[in-house]
Each structure stands twice: as structure tokens, then as C-alpha cells.
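Hello,

Here is the structure you asked for, with the sequence alongside. My notes on it follow below.

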Amino acid sequence: MVGESHDRERVLIVDDSRTQRKLLCLQLEAAGYAVTAAATSQEALALLGCEQFDVMMTDLSLPHVDGAELIRRARAEPRHEAMLTLLVSGSAIDRLAEACAEAGADGYLRKPFLRQTLAAALVSGRQRAAGQR
């Protein structure tokens, strides 16, 4: 959970909002995660090409390649199949749930969210992923 140490699990945050990236980075770093942030899906894909992450949290509404497509592309690589993926968005919850299911994401969060909601999404995403893999 956020607030507990996570043996420096590596998290990739992808959001075109500088404020959202900074907020997520601060929350996750305070919880003991090693965090890398990307402003675009292209930047995220470049990082995924040369680094390994335990978790990827991506905004749904990104320019050029949206978060759902980013998850599909990441999951197409065998080395990222086990990576926990969460979609984040301020859009309607049913659109977010639908995009999550279509992308094969492990969970989703609707902005704005509290730190406890972030922790719960990470835990439930891990549980869902463990049951599917």
C-alpha cells in the first residue's frame, strides 16, 4: 500500500499533465517506490524499450497514442507481460472501465483520487493480475 515500503518496486508514470506526474511521483516515492515519469506515450515506449518496470500507471487521454494503446503495446512485449498496468483518467467512470477492459489493464483510477484510493488500486490490481497470470 502507499505508505508502506515496497522493496523499491519500479513504477513508470505516464501523464501529459506535469502537475499529475509530480503528484503521483511524490506519493509513490514517499511510499518507497522507485519512480520514473514520462510526459508522452512515445517517451514511455522508449523507456519500456530499455528498462524494466513492475508497475505502469498511464493517463487514458494522451496525445498521439492513448493510454489504452500504450498498455496494449507494452503487453505485446513478453518482458512486460507481468507488469501491473493501471489506467488513470478524469473521464466518465464507465468509459474508463471499458477502456481498462479493452486494453487488458489490471485496474483503473478516476482523477482526482486520494492516496488511500491509489493504494487500494495497486492492491486490487495485483490481486486481479495474480488471478489472471
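**An exposed loop residue**

Histidine 64 is exposed, with a relative accessible area of 74%. Please keep in mind throughout that this is a predicted model. Histidine 64 sits in the loop between β3 and α3. Its phi is positive, about 75°, although the residue is not a glycine. Most residues other than glycine have a negative phi.

**The sheet**

The strands form an open sheet of five, in the order β2-β1-β3-β4-β5, with parallel pairing. At the edges are β2 (34–38) and β5 (107–110), each of which pairs on one side only. Neighbouring strands are turned by 20° against each other on average, direction ignored. Helix α1 (residues 18–30) packs on this sheet and touches β1, β2 and β3. The direction of α1 makes about 170° with that of β2. Helix α2 also lies across β1, β2 and β3, and runs at about 135° to β2.

**Strand β4 and its neighbours**

Strand β3 (residues 55–59) and strand β4 (residues 84–89) run parallel and are joined by five bridges. Valine 55 has leucine 84 of β4 as its bridge partner, and methionine 56 stands opposite threonine 85 in β4.

How many of the six residues of β4 are buried? Six of the six are, so β4 is largely enclosed by the rest of the structure. Leu84, Leu86 and Val88 point one way from the strand, while Thr85, Leu87 and Ser89 point the other way.

Threonine 85, in strand β4, is a case to look at in the viewer. Its relative accessible area is 0%, so threonine 85 counts as buried, the cut-off being under 20%. Leaving aside residues up to four places away in sequence, threonine 85 touches Met56, Ile71, Arg75, Gly104, Ala105, Asp106 and Gly107.

**Nonpolar cores**

The largest nonpolar core has 21 residues. Those with the most contacts inside it are Leu12, Val14, Leu48, Met56, Leu70 and Leu87. At least two residues of this core come from each of β1 (10–14), α2 (41–50), α3 (67–75) and α4 (93–103). Another core lies apart from it and has 18 residues, among them Val11, Val55, Met57 and Val88.

**Salt bridges**

The count comes to four salt bridges. Side chains of opposite charge can pair when their charged atoms come close.

Glutamate 69 takes part in two of the pairs described here. With arginine 72 the N to O distance is 3.0 Å; with arginine 73 the closest N and O atoms are 3.1 Å apart. Glutamate 69 and arginine 72 both lie in helix α3, three residues apart, which is about one turn of the helix. Arginine 73 is four residues from glutamate 69 in α3, so these two are also separated by about one helical turn.

Arginine 72 is partly exposed at 34%, and arginine 73 is partly exposed at 38%.

What does arginine 75 form a salt bridge with? The partner is aspartate 106, with the closest N and O atoms 2.7 Å apart. Arginine 75 lies in helix α3 and aspartate 106 in the loop between α4 and β5, so the pair ties together parts that are 31 residues apart in sequence. Both arginine 75 and aspartate 106 are buried. Arginine 75 and aspartate 106 are also among the residues that threonine 85 touches.

Regards

Terms used. Residues are numbered from 1 along each chain as its sequence is written. This is a predicted model: local features need pLDDT of at least 70, side-chain atom pairs count only at pLDDT 80 or more; totals for chains, interfaces and linings use all residues. Side-chain values use heavy atoms; hydrogens and water are left out. A nonpolar core is a set of buried Ala, Val, Leu, Ile, Met, Phe, Trp, Tyr and Cys residues joined through side-chain atoms within 4.5 Å. Buried means under 20% relative accessible area, exposed over 50%, partly exposed in between (1.4 Å probe, protein chains only). Two strands pair if DSSP finds at least two bridges between them. Axes are lines fitted to C-alpha atoms, for helices over the stretch in contact, and angles run from 0 to 180 degrees between N-to-C directions. Contact means heavy atoms within 4.5 Å. A salt bridge is a side-chain nitrogen of Lys or Arg within 4 Å of a carboxyl oxygen of Asp or Glu.
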